[in-house]
Amino acid sequence: MKKLFFLLALALVLCACGTTFQSAEEKAAYQAKIAQQIADKLDNRRFSIDVNYMRPRGSMQPRSVDGYSLALKGDTVISYLPYFGRVSSGIYGYGGDSGLNFTGKVENYTVTYPKSGLMRVTFVTRSREDRYHYQVEVTTGGSAAITVIGDDHQSIDFEGNLHINY
């Protein structure tokens, strides 16, 4: 009786372990589903990126940052990003603690697919201080790289992760 119980328990454990592994086809299907969800978010102009690192121009090492983000809701961008770099205009109040913190209207929004596994979003927006060109590159895994170039601001790069459930 003990032997039968042991064999039954062993069979259940082996069956449970076997169901936790995904086949290559299941994994590929899951990755394709995530990639399609990301593409839909970008095409629908509805996404949010949590920023983990920034790299000002001239700096080799990325700096860790927490609590910053970039979000798009239709034709509106909500930019809450730090800024370190040169500003070439003399408008009073430039720089300071404001960074790239503003809500603006999105212009010239485009989505392209430069290579397999990579999606690129570009758009232009304005704050009260400058006009900015944003380039957002997102991998099918959800990693995001943001480059912001201002007409009067030196460019700066950010890295983070895209939220699918936004």
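**Thr 125**

I began with Thr 125, which I found in strand S6, a run of residues 118–126. The model is a predicted one, and I read each entry below with that in mind.

I then listed what Thr 125 touches, leaving out residues up to four places away in sequence. The list holds Val 77, Phe 102, Gly 104, Lys 105, Asp 130, Arg 131, Tyr 132 and Tyr 134.

I looked for a strand paired with S4 and found S3, residues 76–81. The two run antiparallel and are joined over six bridges. Within this pairing I located Asn 101 of S4, and Tyr 80 stands opposite.

**The nonpolar core**

I looked up the largest nonpolar core and counted 31 residues in its record. Which residues have the most contacts inside that core? They are Leu 42, Leu 100, Tyr 134, Ile 146, Val 148 and Phe 158.

Beyond four places in sequence, Leu 42 is in contact with Phe 47, Tyr 109, Val 111, Met 119, Val 121, Val 138 and Leu 162. As a general remark, nonpolar side chains tend to be buried together in soluble globular proteins.

**Ser 155**

I turned to a loop, the one between strand S8 (143–150) and strand S9 (156–163), where Ser 155 lies. Is Ser 155 buried or exposed? Its relative accessibility is 14%, and the cut-off for buried is under 20%, so Ser 155 counts as buried.

The side chain of Ser 155 makes a polar contact of 2.4 Å with the side chain of Arg 57. Setting aside neighbours within four places, I found Ser 155 in contact with Arg 57, Val 148 and Ile 149. Val 148 is also one of the core residues noted above.

**Two positive phi values**

I checked two residues other than glycine with positive phi. Arg 45 has phi near 55° and sits in the loop between helix H2 (24–43) and strand S1 (46–56). Its relative accessible area is 23%, so I put Arg 45 down as partly exposed.

Asn 108 also has phi near 55°, but this residue lies in strand S5, residues 107–115. Asn 108 is exposed, because its relative accessible area is 61%.

**The whole chain**

Last, I looked up the overall values. The protein has two helices and nine strands, in the order α-α-β-β-β-β-β-β-β-β-β from the N terminus. There are 166 residues, and 32% of them count as buried. I noted an accessible surface of about 10,400 Å², with 55% of it belonging to carbon and sulfur atoms. Of the contacts with a separation of 6 or more, 47% are between residues 24 or more positions apart.

Key
Residues are numbered from 1 along each chain as its sequence is written. This is a predicted model: local features need pLDDT of at least 70, side-chain atom pairs count only at pLDDT 80 or more; totals for chains, interfaces and linings use all residues. Side-chain values use heavy atoms; hydrogens and water are left out. Helices (H or I, at least four residues) and strands (E, at least two) are DSSP runs, numbered from the N terminus. Buried means under 20% relative accessible area, exposed over 50%, partly exposed in between (1.4 Å probe, protein chains only). A polar contact is a pair of N or O atoms within 3.5 Å; within protein, one must be able to donate a hydrogen and the other to accept it, and residues adjacent in sequence count only if both atoms are side-chain atoms. Contact means heavy atoms within 4.5 Å. Accessible areas come from the Shrake-Rupley method with a 1.4 Å probe; for residues, only the protein chains shown count as cover. A nonpolar core is a set of buried Ala, Val, Leu, Ile, Met, Phe, Trp, Tyr and Cys residues joined through side-chain atoms within 4.5 Å. Two strands pair if DSSP finds at least two bridges between them.
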